Amino acid sequence: MYAYDELDRTLINERVSEFRDQVKRRLSGELTEEEFKMLRLQNGVYLQLHAYMFRVAIPYGTLSSKQLRRLAHVARRYDRGYGHFTTRQNIQFNWIKLAELPDALAELAEVGIHAMQTSGNNMRNVTSDQWAGVAPGEVEDPRIWSEILRQHTTLHPEFSFLPRKFKIAITASEHDRAAIKIHDIGLRLHKNADGETGFEVLVGGGLGRTPFIAKTIKPFVAGRDILSYVEAILRVYNQYGRRDNIYKARIKILVHELGIEKFAKEVDEEWKQMDGGGLTLDHSVIDEVRARFSYPAYEKLPHMPDELKQAAHDPLFERWRKNSVAPHKVQGYSIVTLSLKPVGGPPGDATADQMDAIADLADKYSFGEIRVGHEQNLALPHVAKRNLPQLWKALDRLGLATPNVNLVTDIIACPGLDYCSLANARSIPIAQELTRRFANHDTAEMIGRLHINISGCINACGHHHVGHIGILGVEKNGEEFYQITIGGRADENAQMGALIGPAVPYAEVADVIEDIVEAYLALRDRPEELFVDTVKRLGVEPFKERVYATR
Amino acid sequence: MRLVKNGRITTDLFVHVAEGAELPGDGAILVPAAQFLADPEAVLKHGKVGVIWPNNRDLDDLVPYLDRLAAVALVFPSFRDGRAYSQARLLRERHGYDGELRATGQVLRDQFVFMSRAGFDAFEVKKDADADAFAETVKRYSVFYQPTGDGRVTALNRRMQLRHSESAGQ
């Protein structure tokens with residue numbers, strides 16, 4: 001955990017009082033809605049179909065139990081008793097009243113939580129691997145750098161009115177769980193030939209109506225130079241990014257229009273002239289931030305405790321363990337993923353009661369720490385293996401032990417037309433129906449790893465382009481239709497999925513997905529070949545034939 | 001519109017010269033970039049001269065004249081358009097410009113902190129109530145994460161100082 005000091009606390013309190021003043025001026029009519037809109041967006045407040053939506057940042061996906069309890073409290077006191085975890089390590093509340101927002105923010109600030117820059121055309125919440133600091137084989141804890149970047153990007157005097165939103169993600173593992181290739185800037189922590197720690201910097205990734213996979217702009221930038229290099233990228237973007245067309249304003253379009261070589265040259269020139277610009281991080285500064293991350297005092301525990309051996313006789317426990325429990329870098333400990341994808345439930349939602357209960361379990365079994373991942377699930381990052389059977393029982397009672405992590409029912413979905421004013425079609429009911437169709441865990445296990453991503457419009461909040469199966473809601477003559485893509489992925493081999501054929505109406509989506517999955521089962525050359533690999537090997541055609549033969 | 005300079009509401013001594021208009025006989029003037037660049041030497045003879053520089057024009061053409069200008073006015077066509085923040089920092093921090101740096105266009109209360117951090121010291125404030133609230137608004141924040149040319153000490157530096165003074169006391 002990162003511990004806020006007096007300065008961090010002062011800043012977020014000052015932000016709360018500034019926002020309180022802005023709300024007051026809006027309510028009194030001193031600010032027009034047009035003027036207020038930008039101000040509220042800078043603080044995570046959207047106007048949705050039915051009410052204001054409030055998006056709160058969970059920087060790099062790390063929460064303390066105390067913070068999670070406070071989120072539960074906000075859900076209960078200011079909303080309708082639940083919250084929705086998003087694909088960018090945020091939580092959203094959907095029924096907030098504007099006049100009460102400053103109080104909700106003040107309560108969150110007391111535990112070091114804020115909503116700064118969770119929307120608007122600025123640098124958004126810096127995201128990272130939800131297993132940061134506990135995943136085996138990591139170069140180092142990417143949250144140190146995430147926090148350095150979080151501070152640097154917060155209320156930045158030059159880059160708070162960019163052409164469009166700007167998202168940064170950081171990973172330090174070979175397997176990319178932070179989806180860095182679909183971010184405006186993706187940072188991959190690694191060591192160069194001299195053993196020095198630094199970053200591969202990628203730029204220009206993003207989804208939406210013109211999706212791009214990020215390109216490498218520099219294979220190695222030393223850690224001490226990362227802030228100045230990022231600043232150089234931002235300065236080029238702030239000046240030359242398009243402002244004439246909202247759909248062409250992201251940095252990916254600038255990179256695409258200039259070409260990565262030319263863009264890289266512009267950035268390099270700027271970077272040279274900046275000459276550090278006071279942003280070079282010496283060791284003591286990095287150590288200062290590192291020192292404020294605390295790590296649990298792990299015990300020396302056996303690799304295979306008796307409790308685990310005994311519990312292995314219970315097939316339900318074993319099924320959950322094999323699905324939801326991942327190796328930890330410390331012997332005797334595990335990382336446990338809590339599925340927020342129960343059969344029939346909206347993906348990523350948690351009730352206030354569940355949040356409180358998870359906070360209690362985190363105190364009991366995970367040194368008071370919780371993680372939030374971009375797949376809209378939670379994790380307890382430091383669970384002693386001997387406690388897994390007890391934890392499982394507790395999670396099962398809470399409806400948080402659905403053994404479907406990374407399986408077909410672990411669906412990523414945006415809020416869609418049920419909440420969002422931008423949406424063309426519903427997302428949540430499609431996800432709910434699919435979880436019912438594939439509710440049988442044996443079938444889901446037999447299918448294996450398969451990511452379904454659903455977006456209710458081209459803005460792609462559900463990351464449909466990079467789902468193994470992507471479902472995109474569109475509107476045709478006033479009706480909901482869905483385009484389906486296959487073969488996308490969001491990890492280190494990120495790529496966009498390919499369209500399988502004409503859009504299908506709402507009522508047929510689940511049937512089509514079942515057909516695609518059946519086609520895969522018939523086409524895969526062995527059970528271990530993942531869906532996405534079969535698509536890679538055979539292309540779209542055999543799937544298309546299967547789906548459209550009878551339609 | 002009110003002018004706030006060095007933190008106080010003040011009378012604007014500069015006359016804005018409209019695009020293509022004749023230069024007035026005397027007094028300080030703010031001239032559009034195109035008019036200035038058409039014959040910089042002639043304009044500079046006028047005396048106290050400031051230039052209104054658009055936010056989509058490279059600063060390179062202006063840089064040779066900076067030490068002879070009394071003011072540079074940068075433009076915010078909309079408060080959502082943040083290009084002039086970069087221009088301001090470049091003028092102050094890279095080109096060492098130390099004359100008046102004025103924010104013009106849609107200049108509203110909630111930009112004051114960002115603008116002053118970027119190096120602006122004069123503000124053509126759109127709403128009177130915002131101008132009246134200037135002094136109080138720029139004091140909203142006491143903690144800053146980024147180093148800019150405004151000289152405010154960053155949080156990181158304050159922490160390092162604190163750490164040094166603690167270890168010195170041990």
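**Exercise 1.** How far apart do the C-alpha centres of domain 2 and domain 4 of chain A lie?

*Solution.* The model is predicted. Start from the division of chain A, which gives domain 1 (6–109), domain 2 (134–290), domain 3 (306–398) and domain 4 (412–548). Next, take the C-alpha centres of domain 2 and domain 4 of chain A: they are 31 Å apart. Then turn to the contact, to which domain 2 of chain A gives 10 residues and domain 4 of chain A gives 12 residues. Finally, sort by class the side of domain 2 of chain A that touches domain 4 of chain A: five nonpolar, two polar and three charged residues.

**Exercise 2.** Find which residues of helix α4 (residues 101–109) of chain A are buried, and where they sit around the axis.

*Solution.* A residue counts as buried if 20 or more other C-beta atoms lie within 10 Å of its own. In α4(A) the buried residues are Leu101(A), Ala104(A), Leu105(A), Leu108(A) and Ala109(A). Their arc around the axis is only 140°, so they lie on the same side of α4(A).

**Exercise 3.** Describe how helix α7 (residues 251–258) and helix α8 (residues 260–274) of chain A cross.

*Solution.* The two axes come within 6 Å and cross at roughly 110°. Angles of 65 to 115 degrees count as roughly perpendicular, so α7(A) is roughly perpendicular to α8(A). From α7(A), Leu254(A), Val255(A) and Leu258(A) meet Ile260(A), Lys262(A) and Phe263(A) of α8(A). By class, this contact has five nonpolar, no polar and one charged residues.

Definitions and conventions
Residues are numbered from 1 along each chain as its sequence is written. Chains are lettered from A and ligands numbered from 1 in the order in which they are written. This is a predicted model: local features need pLDDT of at least 70, side-chain atom pairs count only at pLDDT 80 or more; totals for chains, interfaces and linings use all residues. A residue is buried if 20 or more other C-beta atoms lie within 10 Å of its own, exposed if 12 or fewer, and partly exposed in between; C-beta atoms are placed from the backbone. Helices (H or I, at least four residues) and strands (E, at least two) are DSSP runs, numbered from the N terminus. The arc is that of the directions from the helix axis to the C-beta atoms. Axes are lines fitted to C-alpha atoms, for helices over the stretch in contact, and angles run from 0 to 180 degrees between N-to-C directions. Angles under 35 degrees count as roughly parallel, over 145 as roughly antiparallel, 65 to 115 as roughly perpendicular and the rest as oblique. Two residues are in contact if their C-beta atoms, placed from the backbone, lie within 7 Å. Ala, Val, Leu, Ile, Met, Phe, Trp, Tyr, Cys and Pro count as nonpolar, Asp, Glu, Lys and Arg as charged, and the others, Gly among them, as polar. Domain bounds come from an automatic or database domain assignment.
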